Amino acid sequence: MPRFSPFDATLWYASAPQAPATLALEGTVRADVCVVGGGYTGLTTALELARAGVRVVLLEAEEVGFGGSGRNAGHSTPTFTHYSLPQLRKMLGEPWAERMIKRQTRANDRVAAMIARYQIECEWQQNGYVMGAHTPSAMKTIETKASDYNHVGANTRVLTKSEVEAITGSARFYGGWFHEEAGHLNPLAYARGLAGAVMAEGGTIFTQSPALKVERKGASWNVETPHGSVTADKVIFGTGAYTVGGWPGLAQTFKIQRVFVAATQPLAAELRASVLPENTTIHDGRGDIFVYKYNAEGRLVASMFPMGRRGRDVAFTKKLMSDRLKWLHPQIHQEIDWQFFWFGELDMQYRTIPRFYDLAPGVVALTGLSGRGVPTGSMLGGVLSEWAMGVAEKDLALKLEPLKAAPFYMNFGPQLTLRYYRVRDWLTARRDGAALPPHA
């Protein structure tokens, strides 16, 4: 059995409102659709189905939001990781590429609408996202990105050096990209709020109820748990990186990549007036990423990927993050106290695009969000609920494919890629005469 990182170490566990009361499944229940997984993907799928009058039962092995949905850094930026939009079109082909681009780039409309409709208290702020240009030559890529995203209807713009400094409080960037529709939130509070919405719409949620196996039972499917079972016409797995059993081979469709997140002490109001004064999310623009934003208490919440000593040696990692933060914001003179430090697991795909698997007639699974949690998980509920309600396969936004194990090179590929990005960042900065941050 996989051993996932502790859940109760997170800032979100300490600060989110209580989850709605749920019980473990005992006995047999009947549903039209059984959804396995209580993260954003499963919850938004169940919510759409319940709103449409479909009898839906959701099974969660631990508690709602236990996986990446309750551990992520809380960024909600409706973009794609790694690939440009032209690359996506080439890789996915049409009509799949345009459908996925439309869903992902409008995902925050969906997030904001659900938060408003169900009055979810989750620290939602939609003040935008800045990707900084850490070298002069990075501006060319940013200009292309802005043009590509604006062409499909996103509200973004290129920033000058002075504009980036005004928005972020950092003079380290040569310009940047601003996505007006991006936001941030308390991710566990959002997951728990979605669970309350599912129940309010008539859906049923059972926690501490892992799906052990799924078997055909006449014209239906039987989903077995430790103390009960769900008989359903259709079954949807949305367990992501926290997949444990349930269907043979499903946990082999991705490789786990760990990420760490840390949160400072609440910063004084006068300091917050000069560090991210517009309460945006900022990405420092490097392939070896450093991303940060505030929570409602005024704590800076930052995330990076482990690499070598970074992540393994906690004291060293906290010093590295402090040094990086103070390099970006020299106005921070006080000691940085990283009061929370935790890990999460990502279900990495070599394409970093979610994979939609046809497991059997009436049974599907979706894995491979690759760290795009809040917006991607939220919009995927629309795709999966459409499948469950009978939308033709050819009209879905994701292409169904046979179950396929992740290639062998994914055992080491993500870490090698991160190291490549780090070297590339270093070489580009040297070539452009740009300063490098500490520990780069």
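Is Glu181 buried or exposed? With a relative accessible area of 10%, Glu181 is buried (buried is under 20%, exposed over 50%, partly exposed in between; 1.4 Å probe, protein chains only). The model is predicted: local features need pLDDT of at least 70, side-chain atom pairs count only at pLDDT 80 or more, and totals for chains, interfaces and linings use all residues. Residues are numbered from 1 along each chain as its sequence is written, and side-chain values use heavy atoms, with hydrogens and water left out.

**View 1. Salt-bridge network of Arg106, Asp109 and Glu181.** A salt bridge is a side-chain nitrogen of Lys or Arg within 4 Å of a carboxyl oxygen of Asp or Glu. Arg106 pairs with Glu181, the closest N and O atoms being 2.7 Å apart. This pair joins distant parts of the chain, 75 residues apart: Glu181 sits in the loop between S6 and strand S7 (183-184), and Arg106 in the loop between helix H5 (96-105) and helix H6 (107-117). Helices (H or I, at least four residues) and strands (E, at least two) are DSSP runs, numbered from the N terminus. Arg106 also meets Asp109, at 2.8 Å from N to O. Arg106 is partly exposed at 25% relative accessibility, and Asp109 is partly exposed at 40%.

**View 2. Salt bridge between Arg299 and Glu297.** The N to O distance is 2.9 Å. Arg299 counts as buried, at 10% relative accessibility, while Glu297 counts as partly exposed, at 39%. The structure holds 21 salt bridges.

**View 3. Buried residues of helix H8 (residues 161-168).** These residues are Val164, Ile167 and Thr168. Seen down the axis of H8, they fall within an arc of 80°, so they line one face of the helix; the arc is that of the directions from the helix axis to the C-beta atoms. They pack against strands S4 (129-132), S5 (156-159), S6 (176-179) and S13 (281-283), where contact means heavy atoms within 4.5 Å. Gly169 follows H8 and has a positive phi, near 80°.

**View 4. Nonpolar surface patch of Tyr350, Phe408, Tyr409, Phe412 and Leu416.** Together these residues have about 550 Å² of accessible area (Shrake-Rupley method, 1.4 Å probe; for residues, only the protein chains shown count as cover). Patches are made of residues with over 30% relative accessible area and no salt bridge; like charges are joined within 9 Å, nonpolar side chains (Val, Leu, Ile, Met, Phe, Trp, Tyr) within 5 Å. Tyr350 lies in the loop between strand S16 (338-348) and strand S17 (355-360) and is partly exposed, at 36% relative accessibility.
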